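These are my notebook entries on one protein model. I set down what I looked up, entry by entry.

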Amino acid sequence: MFVKLTQIKDYCYVKVVESYRDEKGVTRHSTICNFGRLDRLKKDKSFVKSISKLYALVNDLEVLEDGTVTEKTADND
């Protein structure tokens, strides 16, 4: 899976897609999640905070109250 940015007219759209091969062996993409327009996502504080938490979770990091991501301290484990 990976994040794919698609430009349509004046807007950039964000999706999570996965690659697979069809019956002929040709690589295809299947959309897992369509997040929408990037300009709107950047303004949505709850979305940014959720993505920060997801990033921290998979990288064993910590999200502080102000939304910044940092290394976990020993007393927070």
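I call a residue buried if its relative accessible area is under 20%, exposed if over 50%, and partly exposed in between, with a 1.4 Å probe and protein chains only. By this rule I find Asp22 buried, with a relative accessible area of 16%.

**Entry: basis of the model.** I note that this is a predicted model, in which local features need pLDDT of at least 70 and side-chain atom pairs count only at pLDDT 80 or more, while totals for chains, interfaces and linings use all residues. Residues are numbered from 1 along each chain as its sequence is written, and side-chain values use heavy atoms, with hydrogens and water left out.

**Entry: the sheet.** I take helices (H or I, at least four residues) and strands (E, at least two) as DSSP runs numbered from the N terminus. Two strands pair if DSSP finds at least two bridges between them. I find an open sheet of 3 strands in the order β1-β2-β3, with antiparallel pairing. Its edge strands are β1 (2-8) and β3, each pairing on one side only. Ignoring direction, neighbouring strands of this sheet are turned by 40° against each other on average; the axes behind this angle are lines fitted to C-alpha atoms, for helices over the stretch in contact, and angles run from 0 to 180 degrees between N-to-C directions.

**Entry: β1 with β2.** I looked up this pairing and found it antiparallel, over 7 bridges.

Entry: I then checked Lys9, whose phi is near 55°, a positive value in a residue other than glycine. Lys9 lies in the loop between β1 and β2 and is exposed, with a relative accessible area of 77%. I also recorded Asp60, which has a positive phi of about 55° although it is not a glycine. Asp60 is placed in the loop between α2 (45-58) and β4 (61-63), and its relative accessible area of 52% makes it exposed.

**Entry: β2 with β3.** I find strand β2 (residues 11-21) and β3 paired in the antiparallel sense over 9 bridges. On β3, His29 stands opposite Ser19, and Arg28 stands opposite Tyr20. This hairpin has 5 residues between the strands, and Gly25 takes a positive phi near 85° in it.

**Entry: Asp22.** I located Asp22 in the loop between β2 and β3. A polar atom of its side chain lies 2.9 Å from the backbone nitrogen of Val26.

**Entry: Arg37.** I place Arg37 in strand β3 (residues 27-37). Is Arg37 buried or exposed? Arg37 counts as buried because its relative accessibility is 17%. Its side chain is joined to that of Asp39 by a polar contact of 2.8 Å. For a polar contact I require a pair of N or O atoms within 3.5 Å; within protein, one must be able to donate a hydrogen and the other to accept it, and residues adjacent in sequence count only if both atoms are side-chain atoms. Leaving aside neighbours within four places in sequence, I list Tyr11, Cys12 and Tyr13 in contact with Arg37, where contact means heavy atoms within 4.5 Å.

Over which ring does the charged end of Arg37 sit? I find it over the ring of Tyr11, 3.6 Å from its centre. The rule asks for NZ of Lys or CZ of Arg within 6 Å of the ring centre and within 35 degrees of the ring normal.

**Entry: Lys72.** I found Lys72 in the segment after β5 (69-71). With a relative accessible area of 38%, Lys72 is partly exposed.
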